[in-house]
Amino acid sequence: MNNKNFQIDNSGIDPQTNFSDNPEFQQVLASRRSFLKGSLGAAIATLMGTTLAGCDTDSADPVKLPEAQLPEPAPVLLGFTALAAARPDTILVPQGYTARAFLPMGTPLLGSYPAYKNGGQNTGAEMEQQVGAHHDGMHFFPLDARSTHQNSAEGLLVFNHEYLDPDLLHPNGATGLPRPADEVRKEVAVHGVTVAHIKKDASGEFQLVQGSPLNRRITGATPMELTGPVRGHAKVVTKYSQDGTRTRGTLNNCGNGFTPWGTYLTCEENWAGYFMNADATQPREHSRYGVGKTASRYYWETADNGADQYQRFNASSLAADASADYRNEPNTFGWIVEIDPFNPDSVPQKRTALGRFGHEGVIFGPVTEGQPVTVYSGDDSQFEYIYKYVSNAPYYKATAGGHLLNDGTLYVAKFNADGSGEWLALDINNAALQSAAAAAGVVFDSQADVLLNTRLAADLVGATKMDRPEWGAVHPATGEVYFTLTNNTRRTAAQVDPANPRANNATGHIIRWKESSSSVRSFNWDIFLLAGDVGTNTPGTNITLTADNHMASPDGLCFDANGLLWIQTDMSGSQQGEGPFGNNQMLVANPATKEIKRFLVGPMDAEITGLAFTPDGKTMFVNIQHPGDRSTPTNLTSHWPANDGTSHPRSATVIVTKDDGGLIGS
C-alpha cells in the first residue's frame with residue numbers, strides 16, 4: 001500500500017453499537033427449561049420420548065417435563081466414523097466419502113471473458129463476469145423446482161459472496177489512496193450473488209453449464225428495487241433514486257434463505273462498514289449501525305475517477321459535490337433481498353418489512369395453506385437480537401409470492417428466565433413501543449421509520465440482547481426453531497442471563513424454541529448445546545462434548561430432510577490458529593439421541609459456511625470461505641483448492657458425495 005495512513009479494516013465484523021440498558025437476568029442457567037408446557041405438552045403426549053430437566057422456582061426439586069420426540073432417523077444415519085480435529089490445508093471427510101472443489105472464485109460464468117488469472121491479475125470488467133469471492137450462504141434449486149417432481153441431476157446453485165481480501169484480490173494488494181477506480185470496480189464486483197446452472201455429466205459429476213442463459217452475477221452495483229413500507233420514504237431518497245424506490249447493489253451477503261414459492265433470499269450483514277459519514281453528528285440510521293466516521297472499510301469513496309457509483313459510499317452531508325447527495329445511501333442497505341433465480345432479467349427486491357439490521361440468515365417456519373408465513377432472522381453482532389416476521393396475508397400455494405414479504409408485523413424476541421418467551425411487536429401502533437419511545441424522547445414518523453431503525457425500536461421494547469445471533473434452522477417435522485449464538489467475549493458476569501449463560505462466551509451455543517400453538521406472541525425455549533472443549537456439558541442434557549465433537553463458534557445451521565442438524569463453525573484469530581479445535585469444521589447432530597459427530601474439516605484459515613442438498617439427499621454442497629485469510633501477497637498460508645504449493649487460495653464450493661451412492665450422513 002502506497003499510503004502509510006491507509007489501512008483496510010478487513011475483519012468483516014461491525015463494531016458493537018448496542019449500549020441500551022435492556023433488562024439482564026443475573027441468574028446463570030443451572031438446568032434446562034422445557035419449551036413444551038401446559039396444553040401444548042398434553043396435546044402431543046402420545047409422541048413423547050426423552051425428558052428435559054425443567055426449572056420450577058417454586059419447588060425444591062426440578063420438574064421433569066417431556067420433550068417432543070423427533071422422528072427417529074433410519075439406523076444407517078450417522079453411521080460414519082467421526083473425524084478428529086485437525087489443521088490440514090485440504091478438505092477432510094469420513095472414509096467412504098469424497099469431496100471435490102467446485103466453482104472457485106474467478107470461474108468464468110458469463111460471456112467469453114478469460115479465466116481466473118492466478119495472483120489477482122483479472123480486471124474489474126472480467127470480475128463482473130466471474131464467480132465472486134468469499135462464498136457463503138447457498139441453496140440448490142432443482143431445474144424443475146416449481147413442479148411436483150424434483151430432479152437431483154440438474155439445477156441452479158445460488159450462493160452469496162460476503163467480502164474480500166485485498167491482499168489476495170490484487171497482484172500487490174490494494175495500492176493506496178485514492179483507490180484506483182478499476183480496483184474498486186473489481187471489489188464491488190466480487191460481492192453479491194452467483195446463480196450457476198449446473199448439471200451432472202456422463203460420469204455423474206456436476207459441471208457448470210457454460211453459456212446457459214440462467215447463469216447470472218448480481219453484484220454491489222446491480223440495480224434493485226426497495227419494496228414494502230420503506231419504499232418512497234424520505235430517508236431513502238438519494239441522487240440515484242429521487243423518489244426513494246431504487247438502489248444499487250447488495251453487499252456483505254452472508255446467510256441466505258429460500259421461499260416456499262421458489263426464490264432465493266440473500267442477507268446483507270455487516271454492510272455498515274462499507275460507508276462513511278464524517279458529520280459531527282450522524283443520524284441514528286447510521287450511528288446505531290456502525291457507519292464509519294472517517295473512512296469506509298475499503299475506502300471506495302476515494303476512487304480516483306470521481307464517479308458517483310463510488311462517491312455514494314460517502315454519506316457525509318458535507319460531500320465535496322453538494323449535488324451528489326448520498327446522505328441516505330446507507331439506509332438502502334441492511335435488508336433481505338429476494339432474487340428470482342429462474343428469471344435472469346428480474347430485478348432483485350429488497351424486502352423492507354423484514355427489518356433493517358445485520359441479517360445473518362433468514363428461515364421460514366412451517367408453511368400451512370391458508371395461514372400466514374413466518375420468517376426468522378438473526379442480527380449478527382454482539383448484544384443484538386432475534387427477529388420474527390408474520391405476514392398479514394395468508395399463504396396459498398397457487399398465488400404465493402413476494403407480496404407476502406411486503407405487509408406484515410415484525411417482532412423481536414424476549415427470552416424470559418423461566419423458559420418462556422415473548423415476541424414484542426415493532427409496530428408503530430403498538431402501545432408498548434409508543435410508551436417506551438415517548439419516555440426515551442424518541443420519535444418515529446411512520447412504520448417505515450420504525451423499520452429503518454429496527455435496532456432502536458428493539459432496544460426500546462426491551463428485547464433480550466444475545467451473543468451474536470447468526471443462522472437458524474427449523475426442524476422439518478416438529479417445527480422447533482434452532483439458532484446459533486456464535487460467541488460474545490464482551491459479555492461480563494454481570495450481564496449473564498439464562499439465554500446467554502456464560503460470561504466471556506468465546507465458544508458460543510445453540511438455543512431453540514417452540515412456538516405457542518395458541519398465540520403468535522409466545523414461545524418456550526431451552527439451550528440445545530453449549531459449545532466448548534472436550535468435557536463441556538450442557539446442563540440438563542446428556543450432551544458432554546468429546547474428541548469426536550468438541551467445537552467452538554457455531555455459525556451455519558441447517559436441517560436435512562431426515563431431521564439431522566448440520567452445524568458449521570466460524571472460529572477466527574487465535575481460536576482457529578491455536579488451541580484444541582483445529583480448523584473450522586462441520587458437525588452433524590441427531591436432536592433425538594443427542595449424538596454429535598464431526599463430519600468435515602476445512603483447509604487452513606477458512607470458514608465452513610453455506611450448505612445445500614440435492615432433493616435425493618445424495619449430494620451435499622458446502623462453501624469454503626477465505627482459505628488462507630492471514631496471507632499476504634508474499635506469504636501465503638494456504639494454497640487451497642489448487643494445493644500446488646504456489647497458487648493463491650480461493651474460496652470455493654465443495655461437492656460431497658458418498659462413494660456407494662448413499663445418503664449423506666449415513
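The model is predicted, so local features need pLDDT of at least 70 and side-chain atom pairs count only at pLDDT 80 or more, while totals for chains, interfaces and linings use all residues. Residues are numbered from 1 along each chain as its sequence is written, and side-chain values use heavy atoms, with hydrogens and water left out.

**The sheet**

- Four strands form an open sheet in the order β3-β32-β31-β30, with antiparallel pairing; strands are DSSP runs (E, at least two residues) and helices are too (H or I, at least four), numbered from the N terminus.
- At the edges sit β3 (97-102) and β30 (607-613), each of which pairs on one side only; pairing takes at least two DSSP bridges between two strands.
- From one strand to the next, the twist averages 25 degrees (axes are lines fitted to C-alpha atoms, and angles run from 0 to 180 degrees between N-to-C directions).
- β3 and β32 (residues 652-658) run antiparallel and are joined by 6 bridges.
- Across from F102 you'll find T653 in β32.

**The nonpolar cores**

- The largest nonpolar core has 71 residues, and W300, Y387, V412, L426, F444 and L460 are those with the most contacts inside it.
- A core here is a set of buried Ala, Val, Leu, Ile, Met, Phe, Trp, Tyr and Cys residues joined through side-chain atoms within 4.5 Å; buried means under 20% relative accessible area, exposed over 50%, and partly exposed in between (1.4 Å probe, protein chains only).
- Elements that each supply at least two residues of this core include α4 (181-189), β12 (264-268) and α9 (454-461).
- The largest share, 5 residues, comes from α9.
- Skipping neighbours within four places in sequence, W300 is in contact (heavy atoms within 4.5 Å) with residues including L164, R179, Y274 and F313.
- A second, separate core has 25 residues, among them C558, V588, V654 and V656.

- As background, most residues other than glycine have a negative phi, and most peptide bonds are trans.
- The bond from L177 to P178 is cis, with omega near -5 degrees; P178 is in the loop between α3 (166-169) and α4.
- Another cis bond runs from W640 to P641, with omega near 10 degrees, and P641 is in the loop between β31 (619-625) and β32.
- H134 has a positive phi, near 55 degrees, and is buried at 5% relative accessible area.
- K594 has a positive phi too, near 70 degrees; K594 lies in the loop between β28 (585-590) and β29 (595-601) and counts as buried at 11% relative accessibility.
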